[in-house]
Amino acid sequence: MTSLTERYLAATLRGLPESKRVDVERELRSSIADAVADRLEAGADRAAAEIAVLEGLGDPARLASEYAGRPNYLIGPELFEPYRLLLTRLAGVVIPLAAIIVATLAVAAGASLIEAILEGLGGAFMVGIQLVFWVTLLFVFIERADAARDARAEIAQGRWTVAHLPVPAPDRVTVGETIGELVTLLITIGGLLVLRELAWVRDAAGVPLPILEPSLGTLWLPVLIGLLIGLAALHVIVHVNGRWTLPFAAVYAVTNGAFALTFIGLAINGMLVNPAFAAAIGFPQAAEGDSIVMVAVAATATVVTAFEILSVLRRARRTQAARPVGNLGATSTV
Amino acid sequence: MNEDELLGAHRQELRRGTVVLACLLALRTPGYGYGLLKTLEGSGIPSDANTIYPLLRRLEERGLLASEWNVEDSRPRKFYRTSDAGSALADQLMRDMTALTASLHILNGGTIE
């Protein structure tokens, strides 16, 4: 045998477990010899025949995989769907959470807003990579390890029943929903006004100290309340329309986003709480923009607003998907 | 995928579904790797060496083929033969195949008996 065949055999055997090597080598060697002999009889020259036979057999690594019975995929078709679902759902929750937490910690450590955002993105990326890697590794193990055979069967054969169908959320905006939203907004507006006026703490001279920074009353408080009134009006309009549509969702996103950004901006700039009030109750840091309290407030507002906007957007997308004709914003006639 | 690729892909599917049965039937007469390739080709079921050789090994592992080394000729060769279990399976698969072909004929516009 010339060196090409030897090299081919060596390459193939490398991918095989020890126990199979001797027999496969014997058999493959003789099969190659048979094939070459056949071609020689048909008139080819030895070198060309050998090359043709070996190339006909193909990549020795793949041949070895076939001999060894290894699956040539990481995660097979049966496990792939559970894997994909788990990964996307986990990532959807964990990665934004990581971004927010890292950014929050950065602000608490004294970073500027831009730096905090960048750190947040960096943290999200690192967490994301870890998440994808470990979840994938887990499923590769389940797919291929003998020890995980039972787990594999259970995951792959989970019978689908109609109980698994997602329950459709009502598309129509109900009266109860709208009233609920309006009441919430009313309470928020009322709360802001009350916090500005009501003071149960007094300073040494007996002057009442409201919780909310008094200077807010000139500009920012009216802005916040105005945005909330705008949201209330939007809810009424959407109720009259009957459904959330994409234009309405966009307006909601902008208005709610503006409210959140203003509120967060005030919080992290230390303009939310009355410093006299904070000093009087013994928590001067509460009035500072980079205190843990304000940072937590900002983070919470971000998360809550994001969820609200996302859920409205999702409803609008569902409405649009269900409509055969894009009649956006028009009054529904169903 | 263009037409040729489409046809090739579907043909490969058909072949993949029948290659095990073909081997079990052919090896009722003992044969060796390369010889089996020629036999299959001769009867109109061409197959790749890199499919057949590992397949023979897997079928042997599952007890559907029995093997023994033949050292009489100039070259030692591993001969495979369909085991009893393999033969029984082949009979059953052959019955299924015949029924399948009949059904396909009916779907293709033949008459229902």
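I looked up Lys38(B) and found it partly exposed, at a relative accessible area of 39% (buried is under 20%, exposed over 50%, partly exposed in between, with a 1.4 Å probe and protein chains only). I note that this is a predicted model, in which local features need pLDDT of at least 70, side-chain atom pairs count only at pLDDT 80 or more, and totals for chains, interfaces and linings use all residues. Residues are numbered from 1 along each chain as its sequence is written, chains are lettered from A and ligands numbered from 1 in the order in which they are written, and side-chain values use heavy atoms, with hydrogens and water left out.

**Lys38(B) and its partner.** I found a salt bridge from Lys38(B) to Asp38(A), with the closest N and O atoms 2.8 Å apart (a salt bridge is a side-chain nitrogen of Lys or Arg within 4 Å of a carboxyl oxygen of Asp or Glu). Lys38(B) lies in helix H2 of chain B and Asp38(A) in helix H2 of chain A, so this pair joins two chains. I took helices (H or I, at least four residues) and strands (E, at least two) as DSSP runs, numbered from the N terminus. Asp38(A) is partly exposed at 26% relative accessibility.

**Arg75(B).** I then looked up Arg75(B), which forms a salt bridge with Asp34(A) at 2.7 Å between the closest N and O atoms. Arg75(B) sits in the loop between strand S2 (65-70) and S3 of chain B, and Asp34(A) in helix H2 (residues 18-41) of chain A, so this pair also joins two chains. Is Asp34(A) buried or exposed? Asp34(A) is buried, with a relative accessible area of 5%, while Arg75(B) is partly exposed at 25%.

**The whole interface.** I read that 17 residues of chain B are in contact with 19 residues of chain A (contact means heavy atoms within 4.5 Å). How many salt bridges cross between chain B and chain A? The rule finds 8. Helix H2 (33-42), helix H3 (49-61) and strand S3 (77-82) of chain B each supply at least two residues of the side that touches chain A. H3(B) gives the largest share of that side, 7 residues.

**Within chain B.** I also noted a salt bridge between the side chains of Asp91(B) and Arg28(B) (2.7 Å, N to O). Asp91(B) is in helix H4 (residues 84-107) and Arg28(B) in the loop between helix H1 (3-26) and strand S1 (31-32), so the pair ties together parts 63 residues apart in sequence.
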